[in-house]
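I opened this entry to work through the fold and its pockets, and I keep my notes in the order in which I looked things up.

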Amino acid sequence: MAVTFHSEECGFLPHERRKTAAWIKAVIAGEGYKTGDIAYVFCSSEYHLNINRTYLYHDYHTDVITFDYSDLTGSRVVSGDIFIDPFTVRDNADIVGTQPREEIMRVIVHGVLHLCGHGDKTPDEERQMRALEDRALALYRETYGDYPPFVL
């Protein structure tokens, strides 16, 4: 099974994709699951908004949309499509006072944590999600050093 990276209408792809894919697989294994097919699609804000409107009936911008095809109770395989708007990620990094390279990695792992069954709808779920993201980001830094550059 594979973790793949694609670009739609924006020209952005993350650097060091092999390291990032290996990290994603390690996070999934740490959650007790196997990696299936996971497609990351980096897209323009308009493309992302259209997905949000068409499939989720939300008329606003967001940084990540996850479509989950996982089988967490049977085969325990994590699969899905994760759409990321790198422009919104960059803007959000400015708002929260972090570097875009860290924020893109946080959003990348956020999507896969959703595939592993973690939610973020309640304040308690949000706290737990943030702790899981922080743990995954620490794993990346321990394994590979600094985050890859964020070039838009």
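Which residues lie nearest the centre of the largest pocket? Working on a predicted model, I found that Thr 62, Asp 63, Val 64, His 110 and Asp 120 lie nearest that centre, among the 22 residues that line the pocket.

I then looked up the volume of the largest pocket, which is about 670 Å³. Sorting its lining by class, I noted eight charged residues beside seven polar and seven nonpolar ones.

Next I asked where the lining comes from in the secondary structure. At least two lining residues each are supplied by α2 (45-56), β3 (64-68), α3 (86-96), α4 (100-115) and α5 (123-144), and α4 gives the most, with five residues.

For the chain as a whole, I listed five helices and four strands, which run β-α-β-α-β-β-α-α-α from the N terminus on. The radius of gyration is 14 Å, close to the 15 Å that the globule rule gives for 152 residues, so I take the protein chain to be as compact as a globular protein of that length. Along the principal axes, the C-alpha atoms fill a box of roughly 35 × 35 × 30 Å.

I closed with packing and surface. Of the contacts with a separation of 6 or more, 66% join residues 24 or more positions apart, and buried residues make up 45% of the 152 in the chain. The accessible surface of the protein chain comes to about 7800 Å², and 49% of that surface belongs to carbon and sulfur atoms.

Technical notes:
Residues are numbered from 1 along each chain as its sequence is written. This is a predicted model: local features need pLDDT of at least 70, side-chain atom pairs count only at pLDDT 80 or more; totals for chains, interfaces and linings use all residues. Side-chain values use heavy atoms; hydrogens and water are left out. On a 1 Å grid over the protein atoms alone, a cavity is a set of points where a 1.4 Å probe fits but cannot get out, and a pocket is an open set with protein on both sides within 12 Å along at least five of seven lines; lining residues have an atom within 4 Å of a point. Grid points are joined across faces, edges and corners, and a volume is the space filled by probe spheres set on the points. Ala, Val, Leu, Ile, Met, Phe, Trp, Tyr, Cys and Pro count as nonpolar, Asp, Glu, Lys and Arg as charged, and the others, Gly among them, as polar. The radius of gyration is taken over C-alpha atoms; the globule rule is 2.2 Å times the number of residues to the power 0.38. Buried means under 20% relative accessible area, exposed over 50%, partly exposed in between (1.4 Å probe, protein chains only). Contact means heavy atoms within 4.5 Å. Accessible areas come from the Shrake-Rupley method with a 1.4 Å probe; for residues, only the protein chains shown count as cover.
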